[in-house]
Amino acid sequence: MPIKSYLAHPHNGKKEILTKAINALEHCEVIPAENENLLIVVTETDNKEQEDLLKEKIENIESLKLLAMVSGFNTK
Amino acid sequence: MYTSLTNRRSFIKKMAIMSAMTAAATMFPGILFAEEQEEKLPKGGNLDWKKAPCRFCGVGCGVLVGVENGKAVAVKGDPKSPVNKGLCCVKGYHSVMSIYGKDRLTKPLVKKNGKYVETSMKEALDLIASKMKTTIKDHGKDAVSIYGSGQWTIPDGYVASKLFKGCIGTNNVEANARLCMASAVTGFLTSFGLDEPMGCYEDIDHADVFILWGNNMAEMHPVLFSRLLDQRLKRGVKIIDFATRTTRTSMAADKSIIFQPQTDLAVANAICYEIIKNGWVNKSFVEKHCSFNKGLTNMGYGLEDKYKFKDKPEKIDFEAYKTFLEDYTPEKVERISGVSAKDIKYMAAYYGDPNKKVMSLWCMGMNQHTRGTWINNLVYNIHLLTGKISTPGNSPFSLTGQPSACGTVREVGTLTHKLPHGVVMKKEHREHAAKIWDVPVENIDPKPTYHTVEMFRALDRGDIKFMWIQVTNPMVTMPKLKRYRDACKKEGRFIVVSDIYPTPTTDIADVILPSAMWIEREGMYGNSERRTQYFEQMIQPSGEAMSDTWQIVEVAKRLGYEKQFYYKEETHIEEIYNEYRRHHEGKKHAMAPLEVLKTQPGAQWPYVDGKSTKWRFNSEYDPACSNGEKFHFYGKPDGKAVIWQRPYEPAPEVPDKDYPFWLCTGRVIEHWHTGSMTRRIPVLHKAMPHAYVELNPEEAKQMQIRTGDSVKLTTKRGEIILPASVNERGVPEKGQVFVPFFDENMLINDITLDAFCPISKQPDYKKCSVKVEKV
Ligand code: SF4
């Protein structure tokens, strides 16, 4: 059961749109920075396949410039 | 069952959030997240939290390590620590993961017929002792040596010095801190007669202006830098980054001022010129508390074997000093340094303003410098002329890189000329040490032998036959590395390496000893602000790993020094620390008792009458002041600090037609030094997987080089190919490139120069000339 955290960099001026878009996805939590153009994304999925799929979905969001993984844990 | 799994998941999730917040904070210093989110971070769970100093840099943050079922599983900043007030950087948070890399060394290995064979600890230690005995018998005591580090705990360094200097009688004791802060030491000794900063981190809470001299604090001292940024939010302080390259620090600073390599010497003199010209000298302070000296010039750069230099200080007066500074008007210095006269005056005005408290901070930029001692002296000059020293917020502050460069190398004195108290050259210091060590005073040789570079040269020449290397990785960090790597492989050399992971240095070893790491053993570190911090053993060492301290004790006993190494295994750290404290008795350097260190997040020496000393040389805070004045620089016989006349002199190797660029090397936030530990932490390794060469974007465009392209760097020592980095983390000036040194697969030190400061003998890793080509 993977838990991963990422830094998501939105395109300029797209922080709110990106926050909403990621929040709309299941198994995701978003913590936007208050004073910088950056979001923290935490995903909590049941297995690796689901995790990969979710990551792909996030990466396909247009307002996202870059997604960088910070840490990954598996709670099995 | 279900509940505990959920708890564990939510704990891990919080850890994941915390890691991300930490990583974000290193990229965007001062970044804020909604407070309620931060409150959700783990508060402890079922973990047993124990305090320790972090081992990944000289800031010396207090951390709490969470231990569960005999395993260290989490780290958080210790809110009680005055160093970091609960903060931690990305290395600190992940530090415990470095204990559990898959390839930890767990058994001693001995090289037989070119292959490493597992053996028992007993046999390995027997072999080391017998090799030392025969080497001493056949070639004399100065044929054996030990090379340690600023990551040695205090007891590690202490027993090393006692065995080699006190018992064997050789001064062949050096440490990698020679490569990172020797110039800071000679700077302190020449200006004040005593080592280590007079101020402390609390200066940050009082200063109005921070001037960073070639110091990328955002990456190298991240938690302290967060404290600076915090003060800017709270009090609107100014941060000025004075450097040769644009870094994360420059980007976060209020003003970035770029100078040409080596010309910080000229700029510091120009600031002093301005201070005098504008009448900003604190006359009564200078008259009462300062004297003026000049030393020898054109000292050379130590490039040849057996190079020797001894400075000859000569007293001068204020008028002579003033005349000397006429060569350093801002306008003249603008031409040498590339810093506009306006910017020089801007910095001088802050130093000169009696209503502004100024903190200068520096680290490798000023220390890894062929005139490192001089530039340290020159920044002290600025603070002395204005009297901005030894008071809260007025502080020239030399930062260290390693967790115990101060505590062990500088205070225990694991350098060729040093003793725990004083130097080998002085009879009374030898007598003092010999008495505590319980050895005949004649054992301690009054002549220093080799500083680090010269020690490896002696190994190359065959003057040294045996070297024991602990907690450091010289086969990545020595400048002009190829020479010294070849030296270690020569016939008739015997190298012992104590480490926790395989490294390029264990590759050249005849015996590899597995060491216990950090909280797998008990010990103490001393950080940049004279703070000694204790940590207990929290977990069992991996396999047969043994602490570096106990490895040395075992060998000492085998060499016949049972009387001096009387310590019991269960209590040896306490016994060693208590013995060590005796060297520093007295108001100028007394160390806190162990019981105190165990109960609080460290104590700052001089620790007198149950109190740490925050500001030395200031009679309000420092009980060693005895001249009845507000300040007393008691490190010098006349009680006065020295303002030094030191000129600007160029670097030994400057860009020319064939090698037209400057090469500067350094560190990155993700990795600790040579990466042997942090590259085994997946998060950090992924964040920064390999070295690179940073290029100036305009020049990269001209050369049609883009990020990721292969670039060949060639110096007179050799060549190396690295991927390019353009407009990423740091941006070099035109005519300069930067390469980090953490990557053992891209050994930049194969091509660096082994020139050093003639006074401190610290090499300059920041400047040599290089050719840059796209391949
Ligand atoms: S700043 Fe240094 S001491 Fe503090 S947590 Fe980071 S690496 Fe450790």
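## Chain A

Chain A has two helices and four strands. This is a predicted model. Read from the N terminus, the elements of chain A follow the order β-α-β-β-α-β.

The C-alpha trace of chain A spans about 40 × 20 × 15 Å along its principal axes. Of the 76 residues in chain A, 45% are buried. Take the contacts in chain A between residues at least 6 apart in sequence: 67% of them link residues at least 24 apart.

## Chain B

Chain B holds 26 helices and 29 strands. Its radius of gyration is 25 Å, close to the 28 Å of the globule rule for 775 residues, so chain B is as compact as a globular protein of that length. Along the principal axes, the C-alpha trace of chain B covers about 70 × 65 × 60 Å.

Buried residues account for 67% of the 775 in chain B. Among its contacts between residues at least 6 apart in sequence, 73% join residues at least 24 apart. Chain B has an accessible surface of about 26900 Å². Carbon and sulfur atoms own 50% of that surface.

Helix H14 of chain B covers residues 341-352, 12 residues in total. From first C-alpha to last, H14(B) reaches 16 Å, close to the 16 Å expected at 1.5 Å a residue. Its buried residues include Ala341(B), Ile344(B), Met347(B), Ala348(B) and Tyr351(B). Asp343(B), Tyr350(B) and Gly352(B) are buried too. An α-helix has 3.6 residues a turn, so residues three or four places apart point the same way.

Helix H23 of chain B, residues 572-583, also has 12 residues. The first and last C-alpha atoms of H23(B) are 17 Å apart, close to the expected 16 Å. Buried here are His572(B), Ile573(B), Glu575(B), Ile576(B), Tyr577(B), Glu579(B), Tyr580(B) and His583(B).

## Around the ligand

The shell around the ligand comes from chain B: Cys54(B), Phe56(B), Cys57(B), Gly60(B), Cys61(B), Cys89(B), Lys91(B), Gly92(B), Pro222(B) and Val223(B). Two elements of chain B each give two or more residues to this shell: helix H3 (90-93) and helix H8 (222-235). By type, the shell residues are seven nonpolar, two polar and one charged.

Note on methods: Residues are numbered from 1 along each chain as its sequence is written. Chains are lettered from A and ligands numbered from 1 in the order in which they are written. This is a predicted model: local features need pLDDT of at least 70, side-chain atom pairs count only at pLDDT 80 or more; totals for chains, interfaces and linings use all residues. Side-chain values use heavy atoms; hydrogens and water are left out. A residue is near a molecule or strand if one of its heavy atoms lies within 4 Å of it. Ala, Val, Leu, Ile, Met, Phe, Trp, Tyr, Cys and Pro count as nonpolar, Asp, Glu, Lys and Arg as charged, and the others, Gly among them, as polar. The radius of gyration is taken over C-alpha atoms; the globule rule is 2.2 Å times the number of residues to the power 0.38. Buried means under 20% relative accessible area, exposed over 50%, partly exposed in between (1.4 Å probe, protein chains only). Contact means heavy atoms within 4.5 Å. Accessible areas come from the Shrake-Rupley method with a 1.4 Å probe; for residues, only the protein chains shown count as cover. The expected span of a helix is 1.5 Å times one less than its number of residues.
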